[in-house]
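Have a look at the structure first, then read on.

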Amino acid sequence: MTTRRIADLLKTGQPDETTTIQGWVRTKREQKEFTFIEVNDGSSMAGLQVVVTQTVPGYAEAIARLNTGASVEVAGVLVPSLGKGQRIELKAASVLVHGEANPETYPLQKKRHSFEFLRTIGHLRSRTNTLGAVFRVRNATAQAIHSFFQARGFLWVHTPIITASDCEGAGELFTVTGLDLKNPPKTAAGAVDFEQDFFGKHAYLTVSGQLEAEIMAMAFTNVYTFGPTFRAENSNTSRHLAEFWMVEPEMAFCALEGNMELAEAFLKYVFKHVLETCPDDMAFFNERIEKTVLETAENIINSEFGRITYTEAIALLEKADRRFEYPVSWGLDLQSEHERYLAEELFKKPLIVTDYPTEIKAFYMRLSDDGKTVRAMDVLAPRIGEIIGGSQREERLDVLERRMQELDIPAADLWWYLDLRRFGTVPHAGFGLGFERLVQFMTGMQNIRDVIPFPRAPLSADF
Ligand code: 4AD
Ligand code: MG
């Protein structure tokens with residue numbers, strides 16, 4: 001007898017079919033002569049109803065042990081279900097309880113728990129309806145990302161997690177060291193001597209795979225990365241993690257316009273794929289978490305994204321009939337409240353803002369002829385704000401060298417990056433999508449810590 005996943009059985013299982021399922025008990029309802037248990041194996045939101053009659057060997061003992069959270073294997077035959085909302089159920093012939101869960105101490109009893117509480121039981125929370133749906137959608141999103149790029153001939157490249165360069169120049173780096181922290185070697189000037197460290201230099205966890213992705217794009221034309229990135233920014237917000245996954249396409253022979261087109265096509269594709277592959281989970285989010293989830297998804301798929309320059313964005317914000325917490329003026333970065341106002345209230349759809357002031361953007365962005373702005377683009381989403389950040393890259397050696405000098409970025413450290421401008425340089429562009437922000441946007445979840453299985457944030461690295 002084969003073991004089958006519950007999602008599969010609910011879809012295609014036929015009456016009279018014998019089968020075995022394995023999973024965890026969600027609920028138990030004892031009747032006089034039999035007991036209903038609902039078993040979930042994570043393959044779908046819905047579990048399978050199992051009927052255990054007194055004729056099943058060891059009935060009394062098994063039922064006593066089958067409380068919420070217990071793990072079980074049931075062999076039996078599928079029968080049409082009389083219960084509402086389900087086509088079939090499993091009539092048990094034998095029941096094997098693998099592990100009990102004491103109802104006095106198992107924290108996930110059948111009631112609503114706050115997401116804050118669930119974060120304290122990160123080892124169990126994936127067994128809840130909401131987190132289960134989140135991680136299935138997360139999986140489908142990851143798969144959609146790969147199929148989007150693979151279908152377009154992009155090569156998936158694996159960029160390093162340990163690096164010696166600060167791509168964003170924001171100084172939000174975690175150090176990776178093998179030095180004895182109690183007694184590190186010192187330079188003559190009294191600083192820690194990283195030349196004596198494992199890598200012979202100061203090494204960090206990467207904040208972005210972009211610089212290495214650029215290397216690979218200069219050989220394979222179109223590439224993308226998809227992996228973890230790290231930021232030591234002390235932001236305790238609902239949109240920031242210290243460890244998050246980033247998707248970074250990089251395209252040679254491409255300017256900002258092509259980059260914007262890719263970003264828009266990409267988001268449309270991913271939303272469409274997830275709506276098609278996870279309809280039950282998405283319906284659940286729409287009903288229980290955020291009433292606009294499905295409408296937002298349709299809106300992404302069917303409407304054209306707005307496009308404005310940073311200068312136009314500032315003008316719109318200055319005209320806004322509202323007081324913002326942070327000041328608005330040309331030259332200052334947009335804060336999340338500004339981004340949300342533009343995307344959520346003015347445009348009511350995703351919006352691409354381009355051509356930001358040079359001073360507030362990273363060193364690698366292509367300088368425009370006005371001398372004041374760079375060819376940057378941010379995609380702003382309703383509810384989330386910035387979901388994608390990208391740019392056309394500076395491909396001109398002299399301009400890049402000048403820019404690095406202005407920012408005190410030592411050319412010696414990035415000699416290889418400059419070399420790319422010496423040998424076969426081309427216009428190129430790319431962007432970074434925060435994977436968790438995308439999953440957050442898609443599911444309507446309020447806090448980014450609830451869309452990654454094991455969130456890393458200030459003062460929080462449990463599990
Ligand atoms: O805008 P960012 O800093 O851009 C880069 O790192 C570029 N090197 C990307 C590129 O062009 N290849 O980060 C990109 C995206 C942001 O738009 C945001 O969605 C996400 O990464 N992000 C975070 N997500 C969660 N927690 C954080 N602390 C994040 N910081 C950035
Ligand atoms: Mg950014």
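Search the whole structure and you find two cavities of 30 Å³ or more. A cavity here is a set of points, on a 1 Å grid over the protein atoms alone, where a 1.4 Å probe fits but cannot get out. Grid points are joined across faces, edges and corners, and a volume is the space filled by probe spheres set on the points. Keep in mind that this is a predicted model, where local features need pLDDT of at least 70, side-chain atom pairs count only at pLDDT 80 or more, and totals for chains, interfaces and linings use all residues. Residues are numbered from 1 along each chain as its sequence is written, chains are lettered from A and ligands numbered from 1 in the order in which they are written, and side-chain values use heavy atoms, with hydrogens and water left out.

- The largest cavity holds about 40 Å³ of space.
- Its lining (residues with an atom within 4 Å of a point) is made up of Thr163, Ser165, Cys167, Thr206, Ser208, Leu211 and Glu212.
- By class, that lining of the largest cavity has two nonpolar, four polar and one charged; Ala, Val, Leu, Ile, Met, Phe, Trp, Tyr, Cys and Pro count as nonpolar, Asp, Glu, Lys and Arg as charged, and the others, Gly among them, as polar.
- The second largest cavity has about 30 Å³ of space, and Leu267, Phe271, Ile300, Pro350, Ala381, Ile387 and Phe441 line it.
- Here the lining of the second largest cavity splits into seven nonpolar, no polar and no charged residues.

**Around ligand 1**

- There are 25 residues around ligand 1 (a heavy atom within 4 Å of it), and Glu168, Gln210, Arg231, Glu248 and Glu386 come nearest.
- By class, this shell around ligand 1 has nine nonpolar, eight polar and eight charged residues.
- The largest share of the shell, five residues, comes from S15, a strand (a DSSP run of E, at least two residues, numbered from the N terminus).

**Contacts and cover**

- Arg231 has a polar side-chain atom 2.8 Å from an oxygen atom of ligand 1.
- For Glu248, a polar side-chain atom lies 2.6 Å from a nitrogen atom of ligand 1.
- The protein covers 94% of the 630 Å² of accessible area that ligand 1 has on its own, with areas from the Shrake-Rupley method and a 1.4 Å probe.

How values were computed
A polar contact is a pair of N or O atoms within 3.5 Å; within protein, one must be able to donate a hydrogen and the other to accept it, and residues adjacent in sequence count only if both atoms are side-chain atoms. Helices (H or I, at least four residues) and strands (E, at least two) are DSSP runs, numbered from the N terminus. On a 1 Å grid over the protein atoms alone, a cavity is a set of points where a 1.4 Å probe fits but cannot get out, and a pocket is an open set with protein on both sides within 12 Å along at least five of seven lines; lining residues have an atom within 4 Å of a point.
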